[in-house]
Amino acid sequence: MGTVWRARHATLGVERALKVLAPVASPTAAARFEREVRALARVRHPGVVAIHEAGVEQGRPWFAMDLVAGEPLDALLARGRLPLARALALGAALARAVDALHEAGLVHRDLKPGNVLVRPDGRPVVLDLGLAVAPDRDERLTRTGAFVGTPGYLAPEQLSGASPTPATDVHALGLLVFELATGEPLFDDGLGFEGLVAQVTRGARRLPSALDAALPRALDDVVARATDRDPAARYACAAELAAALEEVAVGAAPT
């Protein structure tokens with residue numbers, strides 16, 4: 001997709017994260033990038049990295065974002081399974097951040113632990129918005145049979161070449177919730193790409209309680225709905241998923 005640099009604003013002196021994308025294919029694609037990055041710049045949510053400036057130079061789109069301090073979620077998970085209350089809180093916060101993207105008319109397309117940063121205060125921030133502001137990548141690659149995104153976090157419709165929708169992000173959020181609650185990814189990427197595709201498109205889905213019987217069955221229901229193979233059967237929006245996780249947290253809290 002491109003390269004991210006640690007940069008300093010020449011006039012203001014503040015540090016930013018500067019993402020430079022691969023060259024766009026046409027003036028139409030450049031215009032689309034500019035339109036969507038303007039929409040993203042209007043998103044002001046503590047869980048979404050803020051965009052400050054953007055443009056296209058010599059055919060290469062770029063945008064300057066907040067430089068966020070914290071730890072990648074995948075590194076956090078590598079240290080061990082999270083307590084249930086924290087897992088549910090992180091999942092709900094991520095869902096509300098993604099809902100803010102959807103409200104701006106954007107789809108992230110590549111939600112995964114490596115694209116989430118956990119601030120020192122414990123709040124998650126969604127990063128790597130390169131696909132969210134460059135959907136033409138999806139269209140050009142799926143036309144050639146390639147895929148955009150990370151195989152273990154793709155929804156069935158992405159594997160079939162369909163255009164991603166907010167429901168696609170809801171599916172990825174469901175996978176993240178499973179991993180947050182159990183410490184393991186839902187799909188086993190050790191089976192190779194073809195085996196992974198088989199799991200995503202037709203294999204039996206594990207539920208959180210299958211890995212830990214102490215996990216609430218209400219969490220099973222939330223994960224099952226969020227990761228349903230039928231996009232229409234998932235939560236209607238990421239905010240609904242967040243609310244469902246918050247209900248699970250209330251029910252699981254000690255009395």
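**View 1. Thr168 and the residues it touches.** Leaving aside residues up to four places away in sequence, Thr168 touches Ala155, Glu157, Gln158 and Arg234, where contact means heavy atoms within 4.5 Å. Thr168 has its place in helix H6; helices (H or I, at least four residues) and strands (E, at least two) are DSSP runs, numbered from the N terminus. Is Thr168 buried or exposed? Thr168 is buried, with a relative accessible area of 2% (buried means under 20%, exposed over 50%, partly exposed in between, with a 1.4 Å probe and protein chains only). A note for all the views: this is a predicted model, in which local features need pLDDT of at least 70 and side-chain atom pairs count only at pLDDT 80 or more, while totals for chains, interfaces and linings use all residues. Residues are numbered from 1 along each chain as its sequence is written, and side-chain values use heavy atoms, with hydrogens and water left out.

**View 2. Helix H3 beside helix H6.** The axes of H3 (residues 84-103) and H6 (residues 166-182) come within 9 Å and cross at roughly 165 degrees; axes are lines fitted to C-alpha atoms, for helices over the stretch in contact, and angles run from 0 to 180 degrees between N-to-C directions. That makes H3 roughly antiparallel to H6 (the term is used for angles over 145 degrees). From H3, the contact includes Leu90, Leu94 and Val98, and from H6 it includes Leu173, Leu176 and Leu180. The residues of this contact divide into eleven nonpolar, two polar and one charged. Here Ala, Val, Leu, Ile, Met, Phe, Trp, Tyr, Cys and Pro count as nonpolar, Asp, Glu, Lys and Arg as charged, and the others, Gly among them, as polar.

**View 3. The sheet of four strands.** This open sheet has the order E1-E2-E4-E3, with antiparallel pairing; two strands pair if DSSP finds at least two bridges between them. Strands E1 (2-8) and E3 (51-57) stand at the edges, each with a single partner strand, so one side of each has no neighbour in the sheet. E2 (residues 15-21) and E4 (residues 60-66) are joined over five bridges, and Leu18 stands opposite Ala64 in E4. Helix H1 (residues 27-41) packs on the sheet, touching E2, E3 and E4.

**View 4. The sheet of three strands.** The order in this open sheet is E5-E6-E7, and the pairing is antiparallel. Which residue of E6 is the bridge partner of Glu71? That partner is Val118. H3 returns in this view, lying across E6 and E7 at about 35 degrees to E7.

Key
Parallel < 35°, antiparallel > 145°, perpendicular 65-115°, else oblique.
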